Amino acid sequence: FAPSGVSGSGWASFRHHCLQQAAMLPRIDQHATGSAMHRSLTILGIESSCDDTAAAVVRDTDVLSSIVYGQTSLHAQFGGVVPEIAARAHAEKLDHCIEEALTAANLTLADLDGIAVTAGPGLIGGVLSGVMCAKGLAAATGLPLVGVNHLAGHALTPRLTDQLAYPYLMLLVSGGHCQFLIVKAHDRFQRIGGTIDDAPGEAFDKTARLLGLPQPGGPSVERAARTGDAKRFALPRPLLNQPGCDMSFSGLKTAILRARDGVVVEKSGLTPQDQADLSASFQAAIADVLIEKTRRALDAYLQMQPAKPAFAIAGGVAANGAIRNGLSTLCAVLDTNFVAPPLELCTDNAAMIAYAGLERMRAGESDDLTLSARPRWPLDQSAAPMLGSGKKGAKA
Ligand code: KG4
Ligand code: ZN
């Protein structure tokens with residue numbers, strides 16, 4: 001964990017602080033969500049579904065603060081996120097993170113209109129930490145509690161950053177998800193394709209491990225790829241020869257493993273240039289697949305939505321420059337508005353959760369203290385589960 005920089009004696013003092021502030025708050029009925037449709041709303045967002053502990057304050061479409069504590073160093077020696085360690089770390093840091101977000105926004109709990117929290121999908125211990133924390137705050141302050149689907153947070157980010165109007169086509173691509181969605185309303189999503197096995201972020205992370213590059217893998221593979229030759233290794237472009245916009249990335253992970261082993265056998269190790277060439281070849285394969293499948297998804301979408309079509313990306317892998325540039329060029333050719341949120345709002349953050357909660361409140365929705373944490377929570381409930389959905393695929 002990065003040092004919090006916040007002195008505090010944990011939950012006891014935080015709870016006391018909340019109760020003091022709660023005494024000064026208007027009564028709950030003045031916060032009734034029904035009146036939230038038109039006035040300005042200030043929402044605290046809380047995110048703890050994977051390995052980032054995050055809190056943020058959003059007022060309408062302004063991000064007043066966004067604090068993210070990564071857990072990379074805590075999980076580094078295990079080669080992946082350990083759910084129990086993640087959950088404990090969330091529980092330890094959430095209160096500091098929230099205090100910091102309020103301080104950075106120059107606000108107190110009394111200035112808020114609601115508390116939005118990721119209620120799934122994700123690692124259940126982490127989601128529970130956030131949901132319990134949000135419930136405690138809501139109970140103490142009387143503020144409305146709004147449970148948010150983490151994927152909806154990513155999918156609605158282009159509305160926070162660019163005020164993009166519904167409907168739009170979105171590629172949500174991260175460590176646990178990869179899907180094309182038509183976003184029709186804050187609670188209406190149509191999935192028109194997605195990965196049938198791994199997510200690209202998972203493949204980036206695995207590739208980094210295979211090449212001896214640090215985690216998270218995406219940024220380090222991208223960095224190494226800058227000086228690499230993308231043509232040196234001929235890696236497959238899975239499912240490209242099949243119609244539709246479903247994708248597969250597990251074979252690519254195996255292919256990069258074989259390519260690496262080939263070099264290691266030949267030279268008894270990897271030079272930095274080998275690492276760069278393998279990274280560049282891998283990144284090019286992922287980018288080619290995502291760009292071609294996006295072209296097909298856009299074709300399908302343009303049939304349905306010929307006027308002013310818009311395409312947006314979100315999720316951690318959307319921070320990748322090569323992928324962003326390729327998609328931006330594709331959209332320019334197809335005369336489609338391309339929206340790519342800033343990098344810090346593509347990766348996990350709580351501003352997107354606050355904003356998705358704000359949209360729910362504007363629609364007159366909120367939850368009560370029975371809100372439950374959900375490990376799985378597909379956005380498009382009517383879509384059939386993806387083939388081969390495994391430990392992460394089922395979330396999508
Ligand atoms: O959205 P996110 O922060 O968390 C999930 O909900 O999964 O995405 C994290 C994933 C990680 O797998 C990370 O390696 C990947 O996004 N990522 C990237 C880049 N930055 C983060 N992948 C490729 N290029 C990047 N620049
Ligand atoms: Zn995410």
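Helices (H or I, at least four residues) and strands (E, at least two) are taken here as DSSP runs, numbered from the N terminus. The structure is a predicted model, in which local features need pLDDT of at least 70 and side-chain atom pairs count only at pLDDT 80 or more, while totals for chains, interfaces and linings use all residues. Residues are numbered from 1 along each chain as its sequence is written, chains are lettered from A and ligands numbered from 1 in the order in which they are written, and side-chain values use heavy atoms, with hydrogens and water left out.

Start with ligand 1. The space it takes is the largest pocket, a pocket being an open set of points on a 1 Å grid over the protein atoms alone, where a 1.4 Å probe fits, with protein on both sides within 12 Å along at least five of seven lines. There are 21 residues around ligand 1, and G175, D205, G218, E222 and D348 come nearest; a residue counts as near if one of its heavy atoms lies within 4 Å. By class, this shell has 5 nonpolar, 13 polar and 3 charged residues, with Gly put among the polar ones. Helix 5 (150-162), helix 6 (200-211) and helix 7 (217-225) each supply at least two shell residues, and the largest share, 4 residues, comes from helix 7.

A side-chain N or O atom of H150 is 3.4 Å from an oxygen of ligand 1, and a polar backbone atom of G176 is 3.4 Å from a ligand oxygen. For G201, a backbone N or O atom lies 3.1 Å from an oxygen of ligand 1. Taken alone, ligand 1 exposes 550 Å², and the protein buries 89% of that, going by Shrake-Rupley areas with a 1.4 Å probe.

Most residues other than glycine have a negative phi, and most peptide bonds are trans. The bond from G120 to P121 is cis, with omega near -10°, and P121 is found in the loop between strand 4 (114-120) and helix 4 (124-141). Another cis bond runs from Y166 to P167, again with omega near -10°; P167 has its place in the loop between helix 5 and strand 6 (168-173).

Positive phi values turn up at L239, near 65°, and at D335, near 55°. L239 is in the loop between helix 7 and helix 8 (250-267) and is buried, at 19% relative accessible area. D335 is in the loop between helix 10 (321-333) and strand 10 (337-339) and counts as exposed, at 68%. Buried means under 20% relative accessible area and exposed over 50%, with partly exposed in between (1.4 Å probe, protein chains only).

Notes
Polar contact = N/O pair within 3.5 Å; in protein donor to acceptor, adjacent residues only side chain to side chain. 1 Å grid on protein atoms, 1.4 Å probe; cavity = no way out; pocket = protein on both sides within 12 Å on 5 of 7 lines; lining within 4 Å. Sits in = over half its atoms within 2 Å of the grid points.
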